[in-house]
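Please view the sequence and the model together.

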Amino acid sequence: AKAAIKMDPDNDNAYVEAAHALGRYGQKIGIMAAITKGIADRVKRYLDKALVINPNNILANLSKGIWHAEIINQAGKGLASAVYGAKVNKAVNHFKIVINHKNSNEIGVLYELAYGYSLLNEDLYLEESKTLIKKLLNNSPLSDMDKIYIKKAQQLLKLLP
């Protein structure tokens, strides 16, 4: 991803991929470890750069919304806001951009939105998560990845209150 950024510094998707690579590493070591090691800040910077280049990038908005939701979920609203600027309304605003995107009905997008809303752990957003999962489950899979997302969605639905 860094090589792609060097080749084309105006490629918003290269910044999203850099954020995703760091984010996956952060998930491997644990969200709290990633936060304390500064990985969360680096992910945020990559996503912010992608959104400066292309404010309508669906993956950048989805990822930035989940970034806010993950930080809030792990650190709590007060600490997440004070230290990282992560806020529920910012997560929801990014999710709304995704929902209004022409590709918002794709199974993978619906799953990630449902997951992001579930992290906010408030009744309104848990209901939104359930609604998105039910919508996702009404779609026919177009790929093996869609089938994986469907299984993940079924598992997430079982965990939601």
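How many helices and how many strands does the chain have? The chain has 10 helices and 0 strands, where helices (H or I, at least four residues) and strands (E, at least two) are DSSP runs numbered from the N terminus. This is a predicted model, in which local features need pLDDT of at least 70, side-chain atom pairs count only at pLDDT 80 or more, and totals for chains, interfaces and linings use all residues. Residues are numbered from 1 along each chain as its sequence is written, and side-chain values use heavy atoms, with hydrogens and water left out.

**Fold and dimensions**
- In sequence order, the pattern is α-α-α-α-α-α-α-α-α-α.
- The radius of gyration of the chain is 15 Å, which agrees with the value near 15 Å for a compact globule of 161 residues; the radius is taken over C-alpha atoms, and the globule rule is 2.2 Å times the number of residues to the power 0.38.
- The C-alpha trace spans about 40 × 35 × 30 Å along its principal axes.
- Of contacts (heavy atoms within 4.5 Å) between residues at least 6 apart in sequence, 59% join residues at least 24 apart.

**Surface and burial**
- Buried residues make up 45% of the 161 residues; buried means under 20% relative accessible area, exposed over 50%, and partly exposed in between (1.4 Å probe, protein chains only).
- The chain exposes about 8,800 Å², and carbon and sulfur atoms supply 53% of this area, computed by the Shrake-Rupley method with a 1.4 Å probe.

**Nonpolar core**
- In soluble globular proteins, nonpolar side chains tend to be buried together.
- The largest nonpolar core has 52 residues, of which W67, I71, F95 and L120 touch the most other members; such a core is a set of buried Ala, Val, Leu, Ile, Met, Phe, Trp, Tyr and Cys residues joined through side-chain atoms within 4.5 Å.
- Leaving out residues up to four places away in sequence, I71 touches I35, A40, G76, A80, Y84 and A86.

**Loop residues**
- P9 is found in the loop between α1 (2–7) and α2 (12–29) and is partly exposed, with a relative accessible area of 43%.
- Not counting residues up to four places away in sequence, P9 touches Y15, K49 and I53.
- P9 and K87 are 78 residues apart in sequence and 29 Å apart in space, C-alpha to C-alpha.
- N121 lies in the loop between α8 (107–120) and α9 (123–137) and counts as exposed at 56% relative accessibility.
- N121 has a positive phi of about 50° although it is not a glycine.
- Most residues other than glycine have a negative phi.
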